[in-house]
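Please read it alongside the sequence and the coordinates.

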Amino acid sequence: MNGISRRNFVKNAALTVGAAGLTSPAEAKTAKELFVHHVFFYLKNPNSEADKTKLLEGLEKLSKVPTIRMAHIGSPATTNRSVIIRDYSVSWLCFFDSLEEEEIYQKHPIHLKFVEEYSHLWEKVNVYDSVGPKR
């Protein structure tokens with residue numbers, strides 16, 4: 001078994017089964033769901049590298065909100081198929097453990113300061129929120 005003795009395998013399996021019983025139904029539900037928040041920014045000056053750099057700076061600061069489990073900052077990829085939308089300037093994708101964690105993010109001082117200090121850079125944003133099971 002790849003260097004694992006039968007005894008250690010059985011012991012670890014027993015610990016895993018035992019730990020599973022310590023999770024409350026609410027914790028189990030939360031642990032299985034994921035809240036995804038995806039924002040597409042459209043800069044007022046889409047050809048301005050300075051504006052894009054400034055927005056990226058703000059998103060780096062925003063990624064420090066403690067309820068964010070993982071964040072990704074991106075630009076349109078060079079893929080080219082009829083279904084791909086590439087008209088945005090910057091995308092912001094972040095993952096939360098629950099809707100409640102995302103609501104904390106929305107009200108967090110770092111988020112509020114981000115909107116206050118950087119919203120002058122964009123003409124619009126599209127937001128896609130979704131919830132579903134972790135896979």
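Rings of Phe, Tyr and Trp, the last by its six-membered ring, count as a pair if their centres lie within 6.5 Å. On that basis, ring pairs link F41, F114, Y118 and W122 into a cluster. The model is predicted. The structure holds eight aromatic pairs, and its largest nonpolar core has 18 residues.

**Nonpolar core**

- The residues with the most contacts inside the largest core are F41, L55, L59, W92, Y105 and F114.
- Strands β1 (33-43) and β3 (90-96) and helices α3 (49-62) and α5 (109-118) each supply at least two residues of this core.
- In soluble globular proteins, nonpolar side chains tend to be buried together.
- F114 is in contact with F41, L55, G58, L59, L62, S119 and W122, when neighbours within four places in sequence are left aside.
- L55 lies in helix α3 and counts as buried because its relative accessibility is 0%, where the cut-off is under 20%.
- Not counting residues up to four places away in sequence, L55 touches F41, L43, V90, F114, L121 and W122.
- The C-alpha atoms of L55 and F41 are 9.2 Å apart, with a sequence separation of 14 residues.

**Aromatic pairs of F40**

- A pair of aromatic rings is described by the distance of the centres and the angle of the planes.
- F40 and Y88 have ring centres 4.8 Å apart and planes at 70°, so this pair is edge-to-face; the angle cut-off for that class is over 60 degrees.
- This pair links distant parts of the chain, since F40 is in strand β1 and Y88 is in the loop between β2 (70-74) and β3, 48 residues apart.
- Both F40 and Y88 are buried.
- F40 also forms an edge-to-face pair with Y128, at 5.8 Å centre to centre and 80° between the planes.
- Because F40 lies in strand β1 and Y128 in strand β4 (residues 122-133), the pair ties together parts that are 88 residues apart in sequence.
- The relative accessible area of F40 is 15%, so F40 is buried.

**Charge over a ring**

- The charged end of K124 sits over the ring of Y42, at 4.5 Å from the ring centre.

- Seven of the seven residues of β3 are buried, so the strand is largely enclosed by the rest of the structure.
- V90, W92, C94 and F96 point one way from β3, while S91, L93 and F95 point the other way.
- Strands β1 and β3 run antiparallel and are joined by seven bridges.
- Strands β2 and β3 also pair in the antiparallel sense, over five bridges.
- Which residue of β3 is the bridge partner of F40? That residue is S91.
- S91 is also the bridge partner, in β3, of G74.

- S98 lies in the loop between β3 and α4 (99-107).
- The relative accessibility of S98 is 16%, so S98 counts as buried.
- The side chain of S98 makes a polar contact with the side chain of E100, at 3.2 Å.

Technical notes
Residues are numbered from 1 along each chain as its sequence is written. Side-chain values use heavy atoms; hydrogens and water are left out. A nonpolar core is a set of buried Ala, Val, Leu, Ile, Met, Phe, Trp, Tyr and Cys residues joined through side-chain atoms within 4.5 Å. Buried means under 20% relative accessible area, exposed over 50%, partly exposed in between (1.4 Å probe, protein chains only). Helices (H or I, at least four residues) and strands (E, at least two) are DSSP runs, numbered from the N terminus. Contact means heavy atoms within 4.5 Å. Rings of Phe, Tyr and Trp (its six-membered ring) pair if their centres lie within 6.5 Å; planes under 30 degrees apart count as stacked, over 60 as edge-to-face and the rest as tilted. A charge sits over a ring if NZ of Lys or CZ of Arg is within 6 Å of the ring centre and within 35 degrees of the ring normal. Two strands pair if DSSP finds at least two bridges between them. A polar contact is a pair of N or O atoms within 3.5 Å; within protein, one must be able to donate a hydrogen and the other to accept it, and residues adjacent in sequence count only if both atoms are side-chain atoms.
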